[in-house]
Amino acid sequence: MAKHRGRGIAAIEYPTGMNQNGDPSQAWIKLKMDGRVDVFAGTVDIGQGSKTVHSQIVADTLGVPMDWVTMDTSNTDSSAFCMGTFASRGTFIGGNAVRLAAEKVRNRILEIGGELLEIDPGDLEIIDGEVIAKGSPDKKIGVGDIAGAATFVKGELISGQGTALKDYATLDPETGAVTIPPHSAISYAACAVEVEVDEETGDVRVLKMSQVYDVGCAINPTMVEGQIEGGAIQGLGLGLLENCYPYYPSNDHRGGQFGSYLAPSMEDLPELECIILENPSADGPFGAKAIGEMANNAQPPAIATAIYNAVGVWVTELPITPEKVLRALEAKAAGIPESVTTGKVVRYDEALSITSHQSADAVVTFAV
Amino acid sequence: MKAVGARLPRYDAHEHVSAGTRYVDDVRIPGTLWAKALRSPHDHAEIVSIDTSAAEAMEGVHAVVTYKDVHKNVHGHIEGLGVPGDEPLFAETHVRYKGQPVAAVAADNEALAIRATEAIQVTYKELPSLLDVRKAFDGDAPQVHHWGNWYPHFEGEMDRRQIRKGDIDQAFEQADVIVQGVYRPAAIEHIPMETQVCQVVPEAGGRFVVYSATQAMYFSMGVVAAHLNWPLNKLKFVGGTTGGGFGGKVDSATETITTLLAIKSHRPVRWRWTRMEEFLCSSTRAPWHMEIADAVTKDGWILGRKMLTLHDAGAFARFSPYGVTKHAFHHTGAYTIPNLEFNGYVVYTNRVPTTAMRGFGVTSVSFATETHIERIAQTIGMDPVELRMKNATRLGDTSPNGIPYVDPSTVPVIQAISDAAGVELSAHSRTMTSAMRSGEDLPEHLVAQMGNPEDH
């Protein structure tokens, strides 16, 4: 029996930020007396690297070296409010909060620097931790000296706060129409997958995944690639392996341990290719859009299509297990057509089951 | 020196892979008690009685809590977004999924805590359970809730999320072909390396410090405060370091119950779910049932889409109404379809509540849309990549909810993936851009849907 190869392509889009907005993130920043920067934000780093990304945003907004910046997201006493790390909002919304706070701090640094240098703040810039007169680079003062002067001479704590918040988008319940964009931005991606399908066992191996992501501008390309690669393997699990209920809708035979729940492991790892396209967003920090959640969305359809192109069967219940592949191949061998045509309607899969359902007339409510 | 755009290492990567990072479970507070939950053994049952007296009398057991100990037992995680609560912290009259918490204990050690949960006597009267979303609407279906088997509180007290755009009947009339398909992605686990875990410590002045693995400290703090009817200054959440979340640690699954046990025992309490609990009792990604019928011309324009989505929420709504709305907003994928009729239901079943997971609401529809578009191409005998390019969202095209796209990238990402995969595009597709439609890219049926991207 033969192994067959096939390729599938899918393209997707994904919104940045909570659906319908209304999800603030806040941050505040203070300078230590040597100019080092403490950022207090509520964005939890769940492993995606938001602390590093936020530090990069603060460093460049202020014009100080990256290693001057410390992110403290450790507790709700000192950190400002953040809606949370979900909805692909950390880099964009959390990032805008720290950017806005850093802009206020930068402006205050320039004002005090202007007083000390006796130069209009508009003629100053901050480069690598020094406030420098534009066009006269010998006229300069360190941000540390400014912070020291503020603390010990002026009696001032240099600080700034920022809130990123987009208005809630109300919708028309009849049509779903909204009056303002219900997202902060939309990211796009496409994925090409090459699979090998074993006709005899139904086993599917993903050999290669190529992926293109438009994430606005990449604040940290290495971590964007980390999201893409990690998401790709989760997408592979969705497409081929994982299922809480192997005989759904029955809830028997649930896997209660790693040995009985198939998640992708290193042996499943295909060759991975990541391509980042940059199409800056208007409102994101330094043109960024989201990458987090979308990263496991394009692979399952690309895998299903690649399997079709390899052996000519559609499996549209995930995951596409060897059992489902073999059953589909058996049906095909038995001459069962993949679709049924009635007039101009071409129907794949089972008959549409519930389209005739109308909303109940009776008012139903949670209230007892 | 620019930091933005630089390939900088993650500040904590080395500590994460060399056991240097201190997670919630690494916090060591002397005198800490172990928490354990008594969970429902049934998919669906009425609770006849709960007797905790034997557990309370055990030496080394310092607190036993049930629904009676919670100021506000039923609190919805997104009540602030207009989604009323339907899930009790502890089951009171009914259990609606296997694994639902009925009571919790705090004891000197883990083994004793397990024995204490076993000493709690609960009498159940089993009820028929509903597991198949397709049967939820049947007249004789088992009832998950007294109000029915689907969520009834979308805006305007609608019992479903709707999208209506354009003239769907005309689109289906004009179509050369109508392509129908059904798509069913499965429930999957989040499988974080760190199971659900929480440590609560009573402090001076009546404050409680909650060491939490939550993905959203303020959000979870709000959940605890709402259940307890406490102002936020009585709580301090310590967190910000999470051993994997993927959406599953937005549920605030441990913090309130652990805090209740700390209040009642006046002791620090830790609750760490076992791997088995993480698999069987923590929320999952939802299974979805999606039916699509697309009105298509034989030269590859998608004129209209009818779609029915049944979202298997499990026993309680949690974030599901939000997820179905997001799903509805994105149910055309990366393409422009001018005429739409979408109906989406949050359907209750007697399984573990489903929740947010990476791609919430959209992962499902990406699978359905992209697989369906392949079948359309196959049905009309057209190259699927060319079909995608033809219908790709362009500047000024409008989304299902009528908002013009301001910086769409469907065209360039398909061009780039075609290059990477060695797919030959037509000359027209090779030179296409995301610019506003004109000429052969702007057929009559796409004129009315267009909006002005400058408006947003």
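## Close-up views of a predicted two-chain model

The C-alpha centres of domain 1 of chain A and domain 2 of chain A lie 39 Å apart. All views below show a predicted model.

**View 1. The two domains of chain A and the contact between them.** Domain 1 of chain A is built from two segments, 3-15 and 183-338, whereas domain 2 of chain A spans 19-164. Their contact takes 19 residues from domain 1 of chain A and 17 residues from domain 2 of chain A. About 1,400 Å² is buried between domain 1 and domain 2 of chain A, with carbon and sulfur atoms giving 63% of that area. On the side of domain 1 of chain A, the residues that lose the most area to domain 2 are A:Ile219, A:Pro285 and A:Phe286, which together account for 35% of what that side buries. Between these two domains of chain A, the count of salt bridges is zero, while six residue pairs are in polar contact. Strand E1 (3-16) and helix H4 (221-241) of chain A each supply at least two residues of the side of domain 1 that touches domain 2 of chain A. By class, that side of domain 1 of chain A comprises nine nonpolar, seven polar and three charged residues.

**View 2. The interface between chain A and chain B.** Here 134 residues of chain A are in contact with 135 residues of chain B. The size of an interface is often given as the accessible area lost when the parts come together. For chain A and chain B the buried area is about 11,400 Å², of which 58% comes from carbon and sulfur atoms. Seven salt bridges are counted between chain A and chain B. A salt bridge joins the side chains of A:Lys289 and B:Asp407, at 3.3 Å from N to O. Polar contacts between chain A and chain B number 60 residue pairs. Elements of chain A that each supply at least two residues of the side touching chain B include E1, helix H1 (50-62), strand E9 (185-198), strand E10 (204-214) and helix H5 (299-311). The largest share of that side of chain A, nine residues, comes from H4(A). The side of chain A that touches chain B divides into 69 nonpolar, 45 polar and 20 charged residues.

**View 3. Strand pairing across the two chains.** E13(A) and strand E8 (residues 177-183) of chain B run parallel and are joined by three bridges. Within this pairing, A:Val346 stands opposite B:Val179 in E8(B).

**View 4. A salt bridge within chain A.** Over all chains, the structure holds 43 salt bridges. In one formed by A:Asp23 with A:Arg89, the closest N and O atoms are 2.8 Å apart. A:Asp23 lies in the loop between E1 and strand E2 (25-31) of chain A and A:Arg89 in the loop between strand E4 (69-72) and helix H2 (90-117) of chain A, so the pair ties together parts that are 66 residues apart in sequence.

**View 5. The two domains of chain B.** Each domain of chain B is made of two segments: domain 1 covers 26-127 and 190-273, and domain 2 covers 155-182 and 284-455. The C-alpha centres of domain 1 and domain 2 of chain B lie 41 Å apart. Nineteen residues of domain 1 of chain B and 19 residues of domain 2 of chain B take part in the contact. The area buried between these domains of chain B is about 1,600 Å², with 63% given by carbon and sulfur atoms. B:Asp86, B:Tyr97 and B:His190 lose the most area on the side of domain 1 of chain B, together 31% of what that side buries. Two salt bridges are found across this interface of chain B, as are nine residue pairs in polar contact. The side of domain 1 of chain B that touches domain 2 of chain B has seven nonpolar, six polar and six charged residues. A salt bridge links the side chains of B:Asp251 and B:Arg318, at 2.7 Å from N to O.

**View 6. Backbone geometry in loops of chain A.** Most residues other than glycine have a negative phi, and most peptide bonds are trans. The peptide bond from A:Tyr248 to A:Pro249 is cis, with omega near 10 degrees; A:Pro249 is found in the loop between H4 and E11 of chain A. A cis peptide bond also runs from A:Leu318 to A:Pro319, with omega near -5 degrees, and A:Pro319 lies in the loop between H5 and helix H6 (322-333) of chain A. A:Ala87, in the loop between E4 and H2 of chain A, has a positive phi near 55 degrees.

Technical notes:
Residues are numbered from 1 along each chain as its sequence is written. Chains are lettered from A and ligands numbered from 1 in the order in which they are written. This is a predicted model: local features need pLDDT of at least 70, side-chain atom pairs count only at pLDDT 80 or more; totals for chains, interfaces and linings use all residues. Side-chain values use heavy atoms; hydrogens and water are left out. Domain bounds come from an automatic or database domain assignment. Contact means heavy atoms within 4.5 Å. Buried area is the accessible area (1.4 Å probe) that two parts lose on being put together, summed over both. A salt bridge is a side-chain nitrogen of Lys or Arg within 4 Å of a carboxyl oxygen of Asp or Glu. A polar contact is a pair of N or O atoms within 3.5 Å; within protein, one must be able to donate a hydrogen and the other to accept it, and residues adjacent in sequence count only if both atoms are side-chain atoms. Helices (H or I, at least four residues) and strands (E, at least two) are DSSP runs, numbered from the N terminus. Ala, Val, Leu, Ile, Met, Phe, Trp, Tyr, Cys and Pro count as nonpolar, Asp, Glu, Lys and Arg as charged, and the others, Gly among them, as polar. Two strands pair if DSSP finds at least two bridges between them.
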